[in-house]
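Let's walk through this model together, one piece at a time. Have the sequence and the 3D view open as you read.

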Amino acid sequence: MKASDLYPREYFNFPEFKKEDLEHMDADFIVNLQRFRSLSAIPMTPSPAPGALWRTDTGCGQSQHCAVDRLSDACDLFPARGRELECFLKALQFPQFGGVGLYADTTLNGRRHIMIHLDSRPYSPLYKSVWLRAKGVYHGQMSKDFYKILHDMHKSIDRVVSMI
Ligand SMILES: [Zn+2]
């Protein structure tokens, strides 16, 4: 079911999603996303970048954002500064998310800001799809640099928080 067929009262922060976007989004995903945002109590700004909710470009078939012959069940968001890793850990524990990515190389309003990707792909109880991206390179959870990059992200967040 399209998210645009939901009743507005079922949303949290409804106005931030345009009706045109919701026509390409899976209703269950949007409801779960809003539940996650509410339960985590971490403020998150959906990315304003084109394709952050859905895309139809050629070859998008590998992406959960792809809305060709399906509805997108993915969203990219910017968690509040200083709470990005907390958001990542909470997303890993959230049963409805099978894919979680954390991006160190993204910006919001011209400033560096860690972004999270959330999607509801199917997953096994033992394995979610989890990745990090730094300097344009993706690192899966089995890659040798995964924890080093996570550590570097943690240090950069500490620096930002101490400047606030
Ligand atoms: Zn994404």
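Asn109 counts as exposed because it has 8 C-beta neighbours inside 10 Å; the cut-offs are 12 or fewer other C-beta atoms within 10 Å for exposed, 20 or more for buried, and partly exposed in between, with C-beta atoms placed from the backbone. You'll find Asn109 in the loop between β4 (107–108) and β5 (111–112). Asn109 isn't a glycine, yet its phi is positive, at about 50°.

A word on what you're looking at: this is a predicted model, where local features need pLDDT of at least 70, side-chain atom pairs count only at pLDDT 80 or more, and totals for chains, interfaces and linings use all residues. Residues are numbered from 1 along each chain as its sequence is written. Helices (H or I, at least four residues) and strands (E, at least two) are DSSP runs, numbered from the N terminus.

Now hop over to Lys135, in the loop between β7 and β8. Lys135 is exposed because it has 7 other C-beta atoms within 10 Å, and its phi is positive too, near 50°. The hairpin of β7 and β8 has two residues between the strands.

Those two strands, β7 (residues 129–134) and β8 (residues 137–140), run antiparallel and are joined by four bridges; strands pair if DSSP finds at least two bridges between them. Ala134 stands opposite Val137 in β8, and Arg133 has Tyr138 as its bridge partner there. Strand β3 (residues 99–103) runs parallel to β7, with five bridges between them.

Zoom out and you get an open sheet of six strands with mixed pairing, in the order β1-β2-β6-β3-β7-β8. β1 (44–46) and β8 stand at the edges with a single partner strand each, so one side of each has no neighbour in the sheet. From one strand to the next, the twist averages 25° (axes are lines fitted to C-alpha atoms, and angles run from 0 to 180 degrees between N-to-C directions).

What about the inside? In soluble globular proteins, nonpolar side chains tend to be buried together. Here the largest nonpolar core has 30 residues, and Met25, Leu77, Ala91, Ile116 and Leu118 touch the most other members. (A nonpolar core is a set of buried Ala, Val, Leu, Ile, Met, Phe, Trp, Tyr and Cys residues joined through C-beta atoms within 7 Å.) Elements giving two or more residues to this core include α2 (27–40), α3 (84–93) and β6 (115–119).
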